[in-house]
Amino acid sequence: MDSWYLLFCKPRQEARAQVNLQNQGMEAFFPLLKTEKLVKGRRTFKESALFPNYLFVRLNSQQCNFSAVKNTRGISGFVSYGSSYQIVPDLLISELQKFQPNIDSQNLPSSGDLVYLSNGSFNGVQAIYQEPDGDMRSILLVNLLNQKIKMSVDNRDIKKAG
């Protein structure tokens, strides 16, 4: 009978372990989480393991060589309680496989979009969105006294036109 088992991996070697298990003809899975980080003032997106150092593998408990799995590169061993290995319910695995997390983006306008400012002295002033400026601010092109000026504005003060 096929069941999903929980494996403990060496640090940051989930992908290596998954590839090595798949090369042995086993089904292996670890869910990924997409995160957004600020690096040198720019937004970057990174994929990392949802459960760091853990991997799920589907094995037949009667026919599988558990020691071959334990000795696979990237694997530290099975997660066990006493003398029995931890079995993970199929329903949980199917839910994790469907799980596609969305990055909580601030839904900023695209470059060139028309926006309006909504703060203090610039309330209602029309601007053109240029690019993000760090995590909480954006650069806008504002027409003041017939000159186009780049301004860095808090994202909360930007309202989309339309």
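View 1. Strands are DSSP runs of E with at least two residues and helices are runs of H or I with at least four, both numbered from the N terminus. The model is predicted: local features need pLDDT of at least 70 and side-chain atom pairs count only at pLDDT 80 or more, while totals for chains, interfaces and linings use all residues. Residues are numbered from 1 along each chain as its sequence is written, and side-chain values use heavy atoms, with hydrogens and water left out. Although Leu145 is not a glycine, its phi is positive, at about 50 degrees. Leu145 counts as exposed, at 82% relative accessibility. Here buried means under 20% relative accessible area, exposed over 50%, and partly exposed in between, with a 1.4 Å probe and protein chains only. Asn146 is also placed in the loop between β12 and β13. The phi of Asn146, a residue other than glycine, is positive and near 60 degrees, and Asn146 is exposed with a relative accessible area of 76%.

**View 2. The largest nonpolar core has 17 residues.** A nonpolar core is a set of buried Ala, Val, Leu, Ile, Met, Phe, Trp, Tyr and Cys residues joined through side-chain atoms within 4.5 Å. Leu7, Leu21, Leu55, Leu59 and Val69 touch the most other members. Two or more residues of this core come from each of β1 (2–9), α1, β5 (54–60), α2 (66–70) and β6 (75–78). Beyond its neighbours within four places in sequence, Val69 is in contact with Leu7, Leu21, Met26, Leu59, Cys64, Ile75 and Phe78, where contact means heavy atoms within 4.5 Å. A second, separate core has nine residues, among them Leu117, Ala127, Met151 and Val153.

**View 3. The largest pocket has a volume of about 190 Å³.** On a 1 Å grid over the protein atoms alone, a pocket is an open set of points where a 1.4 Å probe fits, with protein on both sides within 12 Å along at least five of seven lines; lining residues have an atom within 4 Å of a point. Grid points are joined across faces, edges and corners, and the volume is the space filled by probe spheres set on the points. The lining includes Arg12, Phe30, Lys46 and Pro52. The elements that give two or more residues to this lining are α1 (14–23) and β4 (42–49). The largest share, three residues, comes from β4.
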